[in-house]
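This briefing is written to be read beside the sequence and the coordinates. Please keep both in view while going through the points.

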Number of protein chains: 2
Amino acid sequence: MALKTLSAKAAASLDRDLMSTGAFSIDQLMELAGLSVSQAVYRVHPVTQGSRVLVAVGPGNNGGDGLVAARHLRHYGYLPTVYYPKRSKNDLYQRLVKQLEDLDVPFVDDFPAALESTDHVVDAIFGFSFSGEVREPFPAVIQAMAKTKVPVTSVDAPSSWNIEEGPPKSGTGSSFHPDVLVSLTAPKPLVKFFSGRHFIGGRFVTPAIAKKYGFDLPEYEGIDQVVEIGPEGHKL
Amino acid sequence: MALKTLSAKAAASLDRDLMSTGAFSIDQLMELAGLSVSQAVYRVHPVTQGSRVLVAVGPGNNGGDGLVAARHLRHYGYLPTVYYPKRSKNDLYQRLVKQLEDLDVPFVDDFPAALESTDHVVDAIFGFSFSGEVREPFPAVIQAMAKTKVPVTSVDAPSSWNIEEGPPKSGTGSSFHPDVLVSLTAPKPLVKFFSGRHFIGGRFVTPAIAKKYGFDLPEYEGIDQVVEIGPEGHKL
């Protein structure tokens with residue numbers, strides 16, 4: 001079977017469905033998406049291999065998933081550090097930040113410096129709604145993630161990649177190839193250009209929604225909130 | 001060490017702290033509490049031992065945790081059925097119901113009849129804010145749970161029990177002894193009277209909150225959202 005993917009437009013429509021007819025709140029969905037990301041990190045980088053995780057947080061929903069993941073990672077015993085340069089004024093994001101502050105999770109301003117002393121990176125900068133140019137201050141952050149030897153887990157999309165076309169032909173992100181990708185709800189077309197470990201998360205999609213958007217529900221095991229899949233979409 | 005417990009008054013205060021200074025939304029907390037309950041059920045009653053789970057849902061927050069747990073159980077492959085006779089008009093509860101309807105989870109009106117054809121029961125009728133009399137239609141439901149041979153998992157408190165004093169001396173609930181209890185955030189004093197399997201859930205409490213309320217954070221394993229403890233409070 002071929003891996004079925006969800007275009008940027010379809011992913012946006014699916015999200016709207018979840019929050020309208022699906023009756024989910026953004027708080028719920030972000031909590032479960034961030035939980036998925038934290039479980040994938042736990043799987044690829046057990047805390048015994050180094051507890052320091054640097055989470056790069058973008059200005060939108062992808063960043064919110066990263067903030068939630070950082071909180072769960074802290075509860076698992078990791079020592080996350082958060083880089084969050086463009087903060088949303090939205091109440092939800094401010095609350096997610098406060099929840100991290102209450103766990104003494106440090107927020108840092110210098111991403112390249114923080115990268116020098118971490119064991120793993122979570123790229124939660126841009127998700128399926130990204131298009132166009134990478135705005136400041138993120139070009140240097142993405143370049144640093146492209147160069148580092150520290151493994152990087154991207155949330156939903158390697159940041160700066162075009163959702164349909166994959167890595168940009170030149171400039172920022174053209175040489176950014178994260179080690180791990182956590183696709184939320186369903187993979188996006190960019191996975192064709194991705195060759196690392198691939199997880200699906202977001203265990204809240206109903207069979208009816210999967211059918212409407214033409215993909216199969218992932219075969220999650222037990223109580224897992226993520227499942228690792230191969231290039232053809234089969235469970236690993 | 002002795003098991004540290006949280007009075008009804010302290011539990012209410014802790015909940016207020018989580019949602020005020022702690023900056024959590026009720027959606028988030030209920031999602032994580034219900035997830036804890038679903039994981040405890042998965043632990044004590046694997047889906048291979050029978051997939052039918054009857055969830056008895058009360059009118060308040062304890063019921064909301066049950067609605068969330070039912071959804072996660074459905075995603076794990078169980079076939080939950082929900083008894084929810086006194087529905088909240090609150091938007092959150094209506095959304096939690098819609099999320100279950102979208103998964104084709106049936107809602108039933110006749111609890112004793114549903115009890116005849118289930119493999120496990122989740123008691124999410126009353127939690128730490130319960131006091132006084134059990135109102136209709138719940139006395140017969142609690143009596144049925146007291147009599148059944150089907151194992152029962154109670155959420156936060158065996159419904160009808162006094163949070164400090166345990167089972168009522170006579171009448172409804174006096175002979176209700178569930179098999180499993182999932183204490184959320186911390187055990188309540190009623191655990192002195194409980195002799196089944198005991199789990200702690202609610203992996204969102206900060207060290208500062210645990211310190212303020214005089215209990216130790218549970219020693220969760222890995223990514224688990226519940227931990228089973230013994231009568232003295234040690235991890236099993």
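The model is predicted. In an unreviewed entry, UniProt lists A:N62, A:D123 and A:S159 under "binding site". Chains A and B are related by a rotation of 180°.

**Annotated positions**

- The UniProt record, an unreviewed entry, gives three positions as "binding site": A:N62, A:D123 and A:S159.
- These residues span 98 residues in sequence, but no two of their C-alpha atoms are more than 9.8 Å apart, so they gather at one spot.
- Among them, A:N62 belongs to the lining of the second largest pocket.

**A:D123**

- A:D123 sits in strand β4 of chain A, which runs over residues 120-124.
- Its relative accessibility is 0%, so A:D123 counts as buried; the cut-off for buried is under 20%.

**A:S159**

- A:S159 is placed in the loop of chain A between β5 (152-155) and β6 (180-184).
- A:S159 counts as buried because its relative accessibility is 0%.
- With neighbours within four places in sequence left aside, A:S159 is in contact with A:D123, A:I125, A:F126, A:I142, A:S154 and A:F176.
- A polar contact of 2.5 Å joins the side chain of A:S159 to the side chain of A:D123.

**Relation between the chains**

**Helix α3**

- In chain A, helix α3 covers residues 61-76, a run of 16 residues.
- From first C-alpha to last, α3 of chain A reaches 23 Å, close to the 22 Å expected at 1.5 Å a residue.
- The helix α3 of chain A is mostly covered, with 14 of its 16 residues buried.
- After α3 of chain A comes A:G77, which has a positive phi near 105°.
- In chain B, helix α3 (residues 61-76) holds B:R71.

**B:R71**

- B:R71 has a relative accessible area of 1% and is therefore buried.
- In chain A, B:R71 touches A:F24, A:Q28 and A:L32.
- Within chain B, not counting residues up to four places away in sequence, B:R71 touches B:E31, B:L96, B:Q99, B:L100 and B:L103.

**B:A210**

- B:A210 lies in helix α7 of chain B, made up of residues 207-212.
- At 2% relative accessibility, B:A210 is counted as buried.
- Residues up to four places away in sequence aside, B:A210 touches B:V205, B:F215 and B:L217.
- The C-alpha atoms of B:A210 and B:P80 are separated by 33 Å, and the two residues are 130 residues apart along the chain.

Note on methods: Residues are numbered from 1 along each chain as its sequence is written. Chains are lettered from A and ligands numbered from 1 in the order in which they are written. This is a predicted model: local features need pLDDT of at least 70, side-chain atom pairs count only at pLDDT 80 or more; totals for chains, interfaces and linings use all residues. Side-chain values use heavy atoms; hydrogens and water are left out. UniProt positions are given in the numbering used here, feature names are shortened, and annotations may be inferred rather than shown by experiment. On a 1 Å grid over the protein atoms alone, a cavity is a set of points where a 1.4 Å probe fits but cannot get out, and a pocket is an open set with protein on both sides within 12 Å along at least five of seven lines; lining residues have an atom within 4 Å of a point. Helices (H or I, at least four residues) and strands (E, at least two) are DSSP runs, numbered from the N terminus. Buried means under 20% relative accessible area, exposed over 50%, partly exposed in between (1.4 Å probe, protein chains only). Contact means heavy atoms within 4.5 Å. A polar contact is a pair of N or O atoms within 3.5 Å; within protein, one must be able to donate a hydrogen and the other to accept it, and residues adjacent in sequence count only if both atoms are side-chain atoms. Copies are superposed by least squares on the C-alpha atoms of residues with pLDDT of at least 70 in both. The expected span of a helix is 1.5 Å times one less than its number of residues.
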